Amino acid sequence: MRSKLAGYGAAGVALLLLTLIVSLGIGSVHLPAREIGAMLLHRIPWIGDWIAPTWETSSEQILMKVRLPRILLGMLVGASLAVAGAAFQGVLRNPLADPFTLGVSSGAALGAASLIFFGMEYSVFGGYTLPMVAFLTGAGTLWIVLTLARDQGKLPIHGLILSGVVMQSFLGAIVSFLTIMSKETVNQILYWTMGSLSLRGWSYTAILFPYFAAGFIYLWSRSRALNLLSLGERQAAHMGLNVDRLKISVLVVATLLAAAAVSVSGVIGFVGLVVPHMIRLITGPDYRIIVPLSALGGAIFMVWCDTAARSVLAPTEIPLGVVTAFIGAPFFAYLLYRNKKRRREGA
Amino acid sequence: MITAHGLGKSFGETTVLSDVDFSAAEGEWWGIIGPNGSGKSTLLHLLSGIEKPTAGSVRLLGREVGSYSRKEIARMMAVLQQEGLAPSGFTVREVLEMGRYPFQNWLGREHEDPSERIEAILNRLDLTLLADKRIDELSGGQRQRAALGKVMAQEPTLLLLDEPTTYLDIRYQQRFMDLVAGWRKESGITVISVLHDLNLAAQYCDRLLILHNGTAAGRGLPEEVLTEDNIRHIFQIDPAIVRHPVNGAPQVLITKGDARGSLKED
């Protein structure tokens with residue numbers, strides 16, 4: 001297991017660094033990779049002193065103030081959603097589960113849409129009002145769904161999924177209603193519900209990072225328990241797992257992680273569903289590998305989607321949720337096909 | 001080892017088990033038998049602490065079973081279910097390693113490296129060649145052996161078996177029961193098994209508990225429990241009971257009925 005993780009992990013980290021360098025260069029102003037490397041290394045203490053700044057200040061401005069924060073935020077959002085999705089699929093043992101299964105995205109969308117509708121996005125906490133409210137309404141939705149699903153102290157899986165679907169449709173209807181009713185602001189609500197990473201700056205990255213770090217460490221630490229759970233709930237209980245406690249703690253942590261990501265970027269679908277599946281198809285069923293590799297895979301996938309979103313039709317930005325589905329679905333289909341073929345040849 | 005007192009379980013209005021007393025001493029092999037719906041599996045679930053009784057109590061080594069954490073229970077008691085292992089992409093060796101879960105700290109390590117013990121179990125169950133195969137590539141019999149390997153890795157002192165031979169042909173049934181018998185002889189574990197097959201139960205178990213409509217209808221040595229009267233009364237058939245020609249255990253034979261095929265219950 002350990003050598004497998006090290007191998008996949010090294011490949012993933014290398015791919016992530018490559019993604020970072022290449023995507024930093026892409027944009028309206030082209031930056032050569034060598035210059036990017038020098039500018040980044042220059043910022044690192046000790047090593048930085050060895051590198052003399054030979055680049056233009058405007059390049060450094062673009063890199064440090066615009067592209068780098070956006071790309072790092074994309075990595076964090078992608079990693080958060082993918083890790084949360086892996087956790088959901090592990091606990092619910094349902095291939096269609098994603099971080100939004102329990103309605104957190106529609107809850108967050110309702111909060112955001114109401115604020116935009118009433119023109120209150122900058123009230124109370126200034127620019128942080130919208131992410132804060134979106135996070136709170138997302139978390140509130142989780143609480144309602146858990147209350148609905150709870151039956152005599154237990155959390156049956158079908159109850160969880162049904163409660164999530166009910167909440168999603170109900171809150172989704174309200175968001176649609178608000179979108180239709182607000183004639184001037186229709187684009188704003190719509191764009192928020194399709195996700196974007198533009199003009200977020202460093203502060204959003206700083207907000208999301210502690211959520212990601214804590215959520216990731218917790219979910220990774222439960223990966224052996226998720227492995228046991230994949231043998232069945234009864235079986236796992238007989239092997240020493242407190243199944244209900246695991247379910248509720250993992251669902252709450254994963255949902256809060258997803259809510260934090262959604263609150264800064266809007267609703268970005270598909271990442272949390274597809275990335276863990278891709279990782280599973282490549283590495284196998286072990287959550288000790290799936291969880292960290294999903295973080296890497298989600299980060300890489302999101303950065304490429306966002307790079308496409310901001311550069312393909314530049315200066316127009318394509319909503320990120322559109323790109324994730326557009327790139328993710330064919331790639332996923334290819335992996336499914338390859339796996340099917342390999343299994344047939346292996347048999 | 002484990003004692004149940006006045007045990008009862010109801011789901012809403014329906015009572016599936018009522019007032020069952022049961023006790024297994026250390027090293028004994030008990031068989032729980034009875035017709036479909038007599039409460040055998042429910043009794044096992046209550047003994048394993050995975051379901052809570054609506055009446056009475058279960059004590060494991062003198063303490064209420066519900067007062068242990070799942071991890072503490074799993075260090076003493078292992079349970080092998082009827083379905084064995086669900087198909088999954090994990091390999092046989094990985095599943096055996098999962099059996100060590102109750103002994104691992106949060107980093108997944110334990111005091112002693114268990115890999116030698118795992119190898120010994122693989123060897124003993126003839127799984128060495130299959131160790132790196134995925135569970136969903138195994139046949140039913142192989143899968144059940146892997147499931148047995150997992151509970152062996154758990155190193156329990158009490159083993160509960162829930163109809164472990166249901167999906168196996170007679171060759172695998174015999175091999176499976178022999179493996180459990182050999183394990184018990186070696187490490188002195190206590191075994192409580194729900195069994196459908198009365199003839200297997202009579203040969204392998206020291207004592208039998210027979211359930212009927214959720215109550216204990218008899219208990220004792222196999223020849224005391226598997227009597228014509230008991231079988232006729234509880235299973236509603238006319239049996240012929242003979243002695244096994246090799247080991248003398250009582251064996252229940254069915255006799256072909258008349259061709260009207262009545263399914264009337266009374």
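How many bridges join strand 1 (residues 2–11) of chain B to strand 2 (residues 14–24) of chain B? Seven bridges join these strands, which run antiparallel; strands are DSSP runs of E with at least two residues, helices are runs of H or I with at least four residues, and both are numbered from the N terminus, while two strands pair if DSSP finds at least two bridges between them. This is a predicted model, in which local features need pLDDT of at least 70 and side-chain atom pairs count only at pLDDT 80 or more, whereas totals for chains, interfaces and linings use all residues. Residues are numbered from 1 along each chain as its sequence is written, and side-chain values use heavy atoms, with hydrogens and water left out.

**The hairpin in chain B**

- Strand 1 and strand 2 of chain B form a hairpin with two residues between them, and B:Gly12 in the turn has a positive phi of about 60 degrees.
- B:Leu7 has B:Val20, in strand 2 of chain B, as its bridge partner.

**The contact between chain B and chain A**

- Chain B gives 29 residues to the contact and chain A gives 20 residues, where contact means heavy atoms within 4.5 Å.
- The two chains bury about 2,200 Å² between them, with 54% of it on carbon and sulfur atoms; buried area is the accessible area (1.4 Å probe) that two parts lose on being put together, summed over both.
- One salt bridge is counted between chain B and chain A, the term being a side-chain nitrogen of Lys or Arg within 4 Å of a carboxyl oxygen of Asp or Glu.
- A:Arg234 forms a salt bridge with B:Glu51, and their closest N and O atoms are 2.9 Å apart.
- Helix 2 (70–76), strand 6 (77–80) and helix 3 (92–98) of chain B each supply at least two residues of the side of chain B that touches chain A, and the largest share of that side, three residues, comes from helix 2 of chain B.

Definitions and conventions
Chains lettered and ligands numbered in written order.
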